[in-house]
Amino acid sequence: MIMAATSAPSSEFLTSSGLGRDNEQSLDIEVLKDAAKKALINALNSVNGAKTLVLDPTLAGPLGLVTEVALLKHHGVDKMFWLEPGPLTSTTTNVIYLCRPLIKYVKIIADQIKIHSKESLKHRYTLFLVPRTSTLVSRILEEEGVLGDVTVSSYNLQFIPVAEDVISLEYDNAFKELWVDGDETVIYNSALALDVLQKTYGQFPRIIGKGDYASKLATLLTRPLPEQPSVSVDPLTSPAPFDSLIILDRHVDMITPLLTQLTYEGLIDELIGIKNSHVEIPLSLLNPPSAPNPENPGASLPSTSAIITPVLNEKTKKHVLSAATDPLFAELRDLNFSSVGKRLSRVAHRLDEDYKARLQAKTVAQLRDFVGKLGGLQTEHQALKLHTGLSEMLVPRTRTNLFSKSLEIQQNLVASYETSAQISAIEDMIAQGADMQTVARLLCLASITTGGIKTRALENVKKEFLQAYGYHLLPLLLSLSAPPLSIILQNPPPVSMSPSVAVNKLPFTAIRKSLRLLIDDNPEALEELENDISYVYSGYAPISVRLVQCVAQKSGVISNPAEKVSVDTPDGKGKGSASKKLFAHPIVGWKGFEDILSTIPGQTFDIVQKAPAATASRAPSISSLLRPHEQTTTTAIFFLGGCTYTEIAALRWVGRQNRGRKFLIATTGIVSGASLMKSIANDGKRGPGKRDTTI
């Protein structure tokens, strides 16, 4: 069984995202952000004069990652409003609507234009749809009688960098639209975004993946797609060209998001919430720390043992969690939470020693050196205060009875230990007032890992669920039980069950053994845990990342590829020699794991793409002239339906074990079990015309 979050051993120097790195170059994904910003500026500048911007609330977060309000004002935006029902008061002639192509938004826009027309208000309307235009939008506007008043265009917002190795479409509803609503628009939008990646950095020589919707996406990528504006980067000069694209369907591995994430960043997302890379935290954690006292330089340092308790109901502020601006976060984000306290303590001790250097400075030159370092020390001090405060916010929540009970049920289910007793434990959690998302996640996990829940037990827990949380959540249970999601199932299945549902059951027990998903809690296994991706769940390896290893690091599925590295440096980071790492093997598809893949539901594919004639006729790049063992390549991994922070952490760990291969993680959005349940429960109306349909 896996261990609790607060007691799991973890090799800090192996799990830290900032360690074991070399000087290999990677793709510059900042050009994608620059392109998105430039496209937005061009869209605003296409409307001359002052303008009122009416914004889809779901786009505020993604836009905040590529631009700032000051830039919008600089390009003529006078006022901004949310796109919501009711009249719009605009003091400018130009009105710009920026939204996703949802029926509800188009109706609101039409209503506002008609109200202005009745009041004889003269405005020029421009509608920018994200990420592309739709003829159906024009048809609805025409039916509403306002098409002639609106200029319809598009703002092609696609992949947004959210970390140095992660790009996201930041589309929260992708999972629900695909597996609940049956709306496949996101597959086409994903194909367009991935096609831009190819045009920017070079073609994917091979497209490999698993899952039915993933297969549809791969098929689209092999067909001609509409021309789109792309970034002007010469693929031949790319420092790390693509060697393949791995597409994973979220439905192939539903277990991973249902488990509680146990990395630092993942736990912040679980317990506090991260939205578009931003987290809301108390203002006291963002205030600059007090200046050190010369007589006692370390006095103002936040102690990792002293609790920094935010004031009850204290005002909060959105703060962006970025490794680019916060090197300490880069060190902490991928650690198992049990290791975070030690790392913070070590950083605090080092800062304390650095501040004490002030007392030892006796010459002008030494004082000048200290003053030169002071700015960096204060920045580190502020980061230490922030992350110590965040950790202090997390610790009490991880020590509650409900959190511990939830972890225990998860551990028992993935280990197939007394599975029937876990259903009773879930019922106890309902009685103890656990939140709805936690109970729904555990119920889904129980069904997937056991192949279905006994009919009477399932009916009882469903009844208690609805009585405790409200009958408005009945559509949630129906969605989780019905195709194509089908993750809460009866055992034995009813006669009325579709044969396709039975075929798509995950043979979890068999896969757990063949993919080495679980690390047992014996002394030998504990040492193994320190050298395996399973550290992200304190002993359980995500199926999705094991599948990536089946393609990009085959030895890692069978045994642990990590080598022990020394930790004898003063900062505790160690000196893992890149020369000791083996060079990554070539991408040869699923070779060696075909039998395992055949047991997992969903289509398996491996497509080799032909190089475009224009590219083949060009002169070879410098990197391609290098011997194969000298060239660094990039493997792109796309999660259709979202990925978790723990999967990102595990993939970073895999990437550090070999030389010559970088991972670029792409996704429709960052998800957690809670966000998936909230998304599905948001509205349970399942018929056409009864939901916010993407068109």
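How many nonpolar, polar and charged residues does the lining of the largest cavity have, by class?

1. The lining has eight nonpolar, four polar and two charged residues. Here Ala, Val, Leu, Ile, Met, Phe, Trp, Tyr, Cys and Pro count as nonpolar, Asp, Glu, Lys and Arg as charged, and the others, Gly among them, as polar.

2. Before going further, a word on the source: this is a predicted model, in which local features need pLDDT of at least 70 and side-chain atom pairs count only at pLDDT 80 or more, while totals for chains, interfaces and linings use all residues. Residues are numbered from 1 along each chain as its sequence is written, and side-chain values use heavy atoms, with hydrogens and water left out.

3. Searching the whole structure gives three cavities of 30 Å³ or more. A cavity is a set of points, on a 1 Å grid over the protein atoms alone, where a 1.4 Å probe fits but cannot get out; lining residues have an atom within 4 Å of a point. Grid points are joined across faces, edges and corners, and a volume is the space filled by probe spheres set on the points.

4. The largest cavity has a volume of about 180 Å³. It is lined by 14 residues, of which Arg100, Val130, Pro131, Tyr171 and Asn189 are the closest to its centre. Helix H8 (residues 185-201) gives the most to this lining, with four residues. Helices (H or I, at least four residues) and strands (E, at least two) are DSSP runs, numbered from the N terminus. Both domain 1 (29-157) and domain 2 (158-253 + 521-563 + 582-615 + 629-684) give residues to the lining, so the largest cavity lies between them; the bounds come from an automatic or database domain assignment.

5. The second largest cavity holds about 40 Å³ of space. Its lining consists of Ala552, Gln553, Ala584, Val654, Gly655, Asn658, Arg661 and Phe663, with at least two residues each from helix H28 (645-655) and strand E19 (661-667). By class, that makes four nonpolar, three polar and one charged.

6. Do look at H15 (residues 401-414) against H17 (residues 436-450): they pack at an angle of about 10°, with their axes 10 Å apart. Axes are lines fitted to C-alpha atoms, for helices over the stretch in contact, and angles run from 0 to 180 degrees between N-to-C directions. H15 is therefore roughly parallel to H17 (angles under 35 degrees). Ser406, Ile409, Gln410 and Leu413 of H15 meet Thr438, Leu442, Leu445, Ala446 and Thr449 of H17, where contact means heavy atoms within 4.5 Å. These residues divide into five nonpolar, four polar and no charged.

7. H18 (residues 455-469) and H19 (residues 474-481) pack at about 145°, with axes 10 Å apart. Lys462, Phe465 and Leu466 of H18 make the contact with Leu474, Leu476, Leu477 and Ser481 of H19.

8. Finally, some backbone points to check. Most residues other than glycine have a negative phi, and most peptide bonds are trans. The bond from proline 483 to proline 484 is cis, with omega near 5°, and proline 484 lies in the loop between H19 and strand E14 (490-491). The bond from asparagine 491 to proline 492 is cis, with omega near 5°. Asparagine 276 has a positive phi, near 50°.

How values were computed:
Parallel < 35°, antiparallel > 145°, perpendicular 65-115°, else oblique. 1 Å grid on protein atoms, 1.4 Å probe; cavity = no way out; pocket = protein on both sides within 12 Å on 5 of 7 lines; lining within 4 Å.
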